[in-house]
Amino acid sequence: MKYLEAGPSAAGWSRLSKVLKCPRFYALDRGPRDSTSDALIRGDLMHVALAHHYANLRCAQRGDADEYMSAEDAVAHCVANQPSDALCSAYDRWAHKVISVYHQYCSKYIVPSWTIRDVENVISTKFVDPEMDREYAFSSRLDLEVEHQGKVYYVDHKTSFAILPKTYNKYTLSGQFLGQQIMGQERHGERFGGIILNLIGWDDRKPVSSFKRKVLPYAEKSVAMFPETVILAERVIARYKGREAMDWPGAHVSTACHTTYGPCPFFNQCRMGG
């Protein structure tokens, strides 16, 4: 059985958002880390489970036999193949809970309402920078591409402790989804219905998780201006490329240096100067 490899696309928003957040963070954040947050681990494992769930559902809808690992086996594979013992242990602590929430998700959506077009597929476009006489590739890995009532939607799985209006409103202006809106319109025209957030909320103090699907509001002006944002980020990268990481400028704002989740992983390195 196949295992679906996921992760950011090569020319995606993850890369550009780092340089816009803080150029020095972008330059320093080049290698794998030995630790990560529980929230990211939960989201990572749930993405793995749902990717394999929907990949096999696509097989079933086409009348084919399953080609991919089960969600349970895929989560186990993901845990076992982390790049360090520390990460294996961290992921293993969440595996059972993720599978439990996944089973609740399956019980919530027993009858599929979507026709699965693709899973973990990468889409791309190009943005032209006339002043620099260049064009920049931009890509995005879609968690899921579906068809529903004659429209094509891009679905993104999001996990959180609770599902509140602020849970999904914060994604309205995310570059990830502004770019997907542009590419969706380019690829599907009027058939493109937009972005669906597949929200999965669980609180460890409660036995039952919550689920909601929300079509992301369309931000017309921000979608129109998004190519300028990509061009800005690419120009910053081009300007400082080749310098030592500590010679890239830092953002030096509290929301970048010390977030609600704790200090930037390079906080002390920036403070001490190397």
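**Exercises on a predicted chain**

Ser139 counts as buried at 8% relative accessibility, where buried means under 20% relative accessible area, exposed over 50% and partly exposed in between, found with a 1.4 Å probe and protein chains only. The model is predicted, so that local features need pLDDT of at least 70 and side-chain atom pairs count only at pLDDT 80 or more, while totals for chains, interfaces and linings use all residues. Residues are numbered from 1 along each chain as its sequence is written, and side-chain values use heavy atoms, with hydrogens and water left out.

**Exercise 1.** Find the strand that holds Ser139, and name the side chain that it joins by a polar contact.

*Solution.* Begin with the strand: Ser139 is found in β2, residues 134-148, where strands (E, at least two residues) and helices (H or I, at least four) are DSSP runs numbered from the N terminus. Next, look at the side chains, where Ser139 and Ser9 are joined by a polar contact of 2.9 Å. A polar contact is a pair of N or O atoms within 3.5 Å; within protein, one must be able to donate a hydrogen and the other to accept it, and residues adjacent in sequence count only if both atoms are side-chain atoms. Finally, leaving aside neighbours within four places in sequence, the residues in contact with Ser139 (heavy atoms within 4.5 Å) include Ser9, Trp13, Val122 and Met183.

**Exercise 2.** Decide whether strand β4 is enclosed or open to the outside, and work out in which sense it runs beside β3 and beside β5.

*Solution.* First consider burial: in β4, residues 192-201, nine of the ten residues are buried, so the strand is largely enclosed by the rest of the structure. Then take the partners, remembering that two strands pair if DSSP finds at least two bridges between them. Strand β3 (residues 151-160) pairs with β4 in the parallel sense over nine bridges, and His157 stands opposite Asn198 in β4. Strand β5 (residues 210-215), by contrast, runs antiparallel to β4, to which six bridges join it, and here Leu197 stands opposite Lys214 in β5.

**Exercise 3.** Determine how many disulfides the structure holds.

*Solution.* A disulfide is a pair of cysteine sulfur atoms within 2.5 Å, and a search of the whole structure finds zero of them. Cys78 is in no disulfide, and the nearest cysteine sulfur, that of Cys88, is 9.2 Å away. As for burial, Cys78 is buried with a relative accessible area of 7%, and Cys88 is buried with a relative accessible area of 18%.
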